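Biologist: I am new to this structure. Please show me how to read it, feature by feature.
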Amino acid sequence: MLDIRRQNLNNIETIHLQGILNAETSPLLEEILHELSKQPLPMILLCVENLEYISSAGMGCFIGAIGGIRKKGGDLRFAGMQPRVKRIFTLLDMEDFFSQFDSMEKGLASFSDKK
């Protein structure tokens, strides 16, 4: 099960993920990211401190969305990544592809270059 909570903070869409992101739970997140990628300047911060597991299908959500988001000058970044999730990013050689921050506050501040 995946719990998704959204809030907009100073034009940054903040998405809190809790639970397991896999083939079964990823379609809803994929739909949300697709919707957000249509914004003029999509700035998305994924807060993943309570994400317990991510599969390759879950990673596919991010990879599928990032091209359209960056094409518009926006970005998709991560905050609060725990070691078990970070390990998946490392195994898939994605840790340098997505910006990661220790806290939500640092992640939000990182978007100051986009405003």
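Biologist: Which residues of α1 are buried?

Modeller: Two ground rules first. This is a predicted model, where local features need pLDDT of at least 70 and side-chain atom pairs count only at pLDDT 80 or more, while totals for chains, interfaces and linings use all residues. Residues are numbered from 1 along each chain as its sequence is written, and side-chain values use heavy atoms, with hydrogens and water left out.

Modeller: Now the terms. Buried means under 20% relative accessible area, exposed means over 50%, and partly exposed is in between (1.4 Å probe, protein chains only). Helices (H or I, at least four residues) and strands (E, at least two) are DSSP runs, numbered from the N terminus. In α1, the buried residues are Ser 26, Leu 29, Ile 32, Leu 33 and Leu 36. They cover an arc of only 125 degrees around the axis, so they sit on the same side of α1. The arc is that of the directions from the helix axis to the C-beta atoms.

Biologist: What covers the buried residues of α1?

Modeller: Look for contact, meaning heavy atoms within 4.5 Å. The cover includes β1, β2, β3, α2 and β4. The helix lies across β1, β2, β3 and β4, and α1 runs at about 170 degrees to β2. For such angles, axes are lines fitted to C-alpha atoms, for helices over the stretch in contact, and the angles run from 0 to 180 degrees between N-to-C directions.

Biologist: Take one residue. Where is Ser 26, and what does Ser 26 touch?

Modeller: Ser 26 is in helix α1. Ser 26 counts as buried because its relative accessibility is 4%. Not counting residues up to four places away in sequence, Ser 26 touches Leu 21, Ala 57, Gly 58 and Cys 61. Ile 66 is 40 residues away along the chain, and its C-alpha atom is separated from that of Ser 26 by 15 Å.

Biologist: How do I read a nonpolar core, and which residues of the largest one touch the most other members?

Modeller: In soluble globular proteins, nonpolar side chains tend to be buried together. A nonpolar core is a set of buried Ala, Val, Leu, Ile, Met, Phe, Trp, Tyr and Cys residues joined through side-chain atoms within 4.5 Å. The largest one here has 28 residues, and those touching the most other members are Ile 15, Leu 29, Leu 46, Phe 62, Leu 76 and Phe 89. At least two residues of this core come from each of β1 (2-9), β2 (12-21), α1 (26-36), β3 (43-54), α2 (56-71), β4 (75-79) and α3 (83-91). With six residues, α2 gives the most. There is also a second, separate core of seven residues, including Met 43, Leu 45, Cys 47 and Ala 79.

Biologist: What is Leu 29 in contact with?

Modeller: Leave aside its neighbours within four places in sequence. Leu 29 then contacts Ile 4, Ile 15, Leu 17, Leu 21, Leu 46, Cys 61 and Phe 62.

Biologist: Now the sheet. In what order do the strands come?

Modeller: Two strands pair if DSSP finds at least two bridges between them. Five strands form an open sheet in the order β1-β2-β3-β4-β5, with mixed pairing. The edge strands, β1 and β5, each pair on one side only. β1 and β2 are antiparallel, over eight bridges. Arg 6 has Ile 15 in β2 as its bridge partner. β2 and β3 run parallel and are joined by eight bridges. There, Gln 18 stands opposite Asn 50 in β3.

Biologist: What follows α3?

Modeller: Asp 93 follows, with a positive phi near 60 degrees. Asp 93 lies in the loop between α3 and β5. Asp 93 is exposed, with a relative accessible area of 62%.
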